[in-house]
Amino acid sequence: MKIVVKEESTLLKYLEENLDMSKRNIKKYLKNGSIYVDGTRTTQFDYPLMVDSIVVIDTNKKKLNKIPFAVLYEDENILLLNKPAGVLTQKAKPEDFSLNEWLIGHLLAADAIKETDLATFHPSVCNRLDRNTSGIVLCGKTLAGSQALSRIIKDRSVKKYYQTVCKGKILQESTLEGYLYKDERTNTVQVFPDMAEAPEDASFIKTIYTPSAVAGEYTLLTVELVTGKTHQIRAHLASTGHPLLGDTKYGDSKLNRRMQSEYSLHHQLLHAGRVCFPEEAEGPLAKVSGQTFDAPLPHKFAEILQALNLTPDSAC
C-alpha cells in the first residue's frame with residue numbers, strides 16, 4: 001500500500017486520519033517494521049512527514065511473519081534458520097520482503113537489538129539460497145558474528161550439504177569440476193567443462209555428489225557444495241544429463257509437467273540439509289566449534305521420496 005503525503009504531520013496521526021484502518025492495526029504495522037517513509041523503515045509513531053513524502057505499508061511482511069521459520073540454533077552472535085521454499089533470503093527488488101527483514105523483526109521483537117542499533121549495523125543472512133530452495137540459512141546477529149560467518153564461507157572451512165532428487169541413475173560418488181558463467185540479463189547460468197571453452201569472467205566450480213538411493217529412473221543425492229555459485233548444483237547436474245526434479249530453468253520440461261500433475265511440485269527439489277562448522281577454540285563461532293546442524297526435509301520433499309521409493313536403504 002502506497003500513500004503520498006498531502007500535508008505535514010506525524011506518521012501515526014496522518015495514517016489514522018487518512019486510512020480506512022484502525023489505530024490498533026496501524027500500530028501493529030509500525031511495531032512489525034512494515035512501514036517505510038521515503039524508503040526508510042521506521043517504527044516511530046511520531047516520525048515527521050513532509051508534503052510529498054511517500055509512505056509504503058508492506059502488507060506482505062505481515063504474511064511472512066506468520067510463516068513458521070524453525071530456529072535451529074541461536075546464540076548472542078549467530079542464528080541458524082530452516083528456510084521454507086518460496087521465501088527470498090535477500091531482496092531482489094526494493095519492494096520485496098525477504099528473510100533479512102524477518103530476521104530484523106524477530107530480533108527487535110525479542111529485544112535482542114534496538115531500532116537505534118540499525119543505524120550502525122544490520123543483522124543479515126550470510127549465505128544465500130535460491131527462493132525455491134529450502135534449508136539452512138546462516139544469519140549474523142552481530143557484526144562479529146556476520147564477519148566470522150562470511151569468513152568461513154569464503155575460505156570454505158564450513159561444509160554445506162544438500163539433498164536433491166535428479167533424473168537418471170547415478171551409482172557412484174563423483175566430483176564435478178567446471179566453469180560457470182552467469183548471464184545477468186536472464187538470471188541463468190551456463191557450465192563449461194574446461195576453461196578454454198568458457199568466457200573470460202566465468203568462475204571455477206566444484207561439486208561433489210554421493211548417491212543415497214536409486215529407484216527406477218531417479219536418484220536421491222547428497223551433494224557437497226564446495227564452491228557456492230549461483231544455481232551451481234542445478235546447472236552442474238543438468239550439464240551431466242541429470243537435471244533436478246521440478247527445476248523449471250535447467251530441468252526436463254516433460255518430467256516437470258509429470259511431477260506437477262502427480263505431486264503438485266512447482267519448484268526444484270533441493271534442500272540445504274546439513275552444515276558442519278570448523279573447529280574454532282575462540283571467537284564468535286566458538287560455541288558451534290566442530291558442530292553439525294541438520295534441517296529436516298520439507299513435507300513435500302519427504303512425500304515425493306516415499307512415493308518414488310527413494311529411501312536411504314534403497315540399493316545403489
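1. Basis of the note. This is a predicted model, in which local features need pLDDT of at least 70 and side-chain atom pairs count only at pLDDT 80 or more, while totals for chains, interfaces and linings use all residues. Residues are numbered from 1 along each chain as its sequence is written, and side-chain values use heavy atoms, with hydrogens and water left out.

2. Overall chain. The protein chain holds 8 helices and 17 strands, these being DSSP runs (H or I over at least four residues for helices, E over at least two for strands) numbered from the N terminus. Its C-alpha trace spans about 70 × 50 × 40 Å along the principal axes. Of the 316 residues, 47% are buried, where buried means under 20% relative accessible area, exposed over 50%, and partly exposed in between, with a 1.4 Å probe and protein chains only. Among contacts (heavy atoms within 4.5 Å) between residues at least 6 apart in sequence, 62% join residues at least 24 apart.

3. Strand β16. This strand (270-276) is mostly covered, with 6 of its 7 residues buried. Strands count as paired if DSSP finds at least two bridges between them. On that basis β16 runs parallel to β10 (residues 134-140), joined by 2 bridges, and pairs with β11 in the antiparallel sense over 6 bridges. Ala-272 in β16 stands opposite Gly-135 and also opposite Tyr-162. A further 3 bridges join β16 to the antiparallel strand β17 (residues 292-294), where Phe-293 stands opposite Val-275.

4. Helix α8. Which residues of α8 (residues 299-307) are buried? They are Phe-301, Ile-304 and Leu-305, and they lie on the same side of α8 because they cover an arc of only 105° around the axis, the arc being that of the directions from the helix axis to the C-beta atoms. His-299 and Gln-306, on the other side of α8, are exposed. The buried residues pack against β11 (159-167), β15 (218-225), α7 (253-263) and β16, and just after the helix Asn-309 takes a positive phi of about 60°.

5. Largest pocket. A pocket here is an open set of points on a 1 Å grid over the protein atoms alone where a 1.4 Å probe fits, with protein on both sides within 12 Å along at least five of seven lines, and lining residues have an atom within 4 Å of a point. The largest pocket holds about 990 Å³ of space, the volume being that filled by probe spheres set on the points, which are joined across faces, edges and corners. It is lined by 39 residues, of which Arg-128, Leu-129, Asp-130, Thr-230 and His-231 are the closest to its centre. At least two lining residues come from each of α5 (143-154), β11, β15 and α6 (232-239). By class, the lining has 12 nonpolar, 15 polar and 12 charged residues, with Asp, Glu, Lys and Arg counted as charged, Ala, Val, Leu, Ile, Met, Phe, Trp, Tyr, Cys and Pro as nonpolar, and the others, Gly among them, as polar.

6. Four-stranded sheet. An open antiparallel sheet is formed by 4 strands in the order β1-β6-β3-β4; its edge strands, β1 (2-4) and β4 (40-41), each pair on one side only. β1 is joined to β6 (residues 54-57) by 3 bridges, and Lys-2 stands opposite Val-56 in β6.
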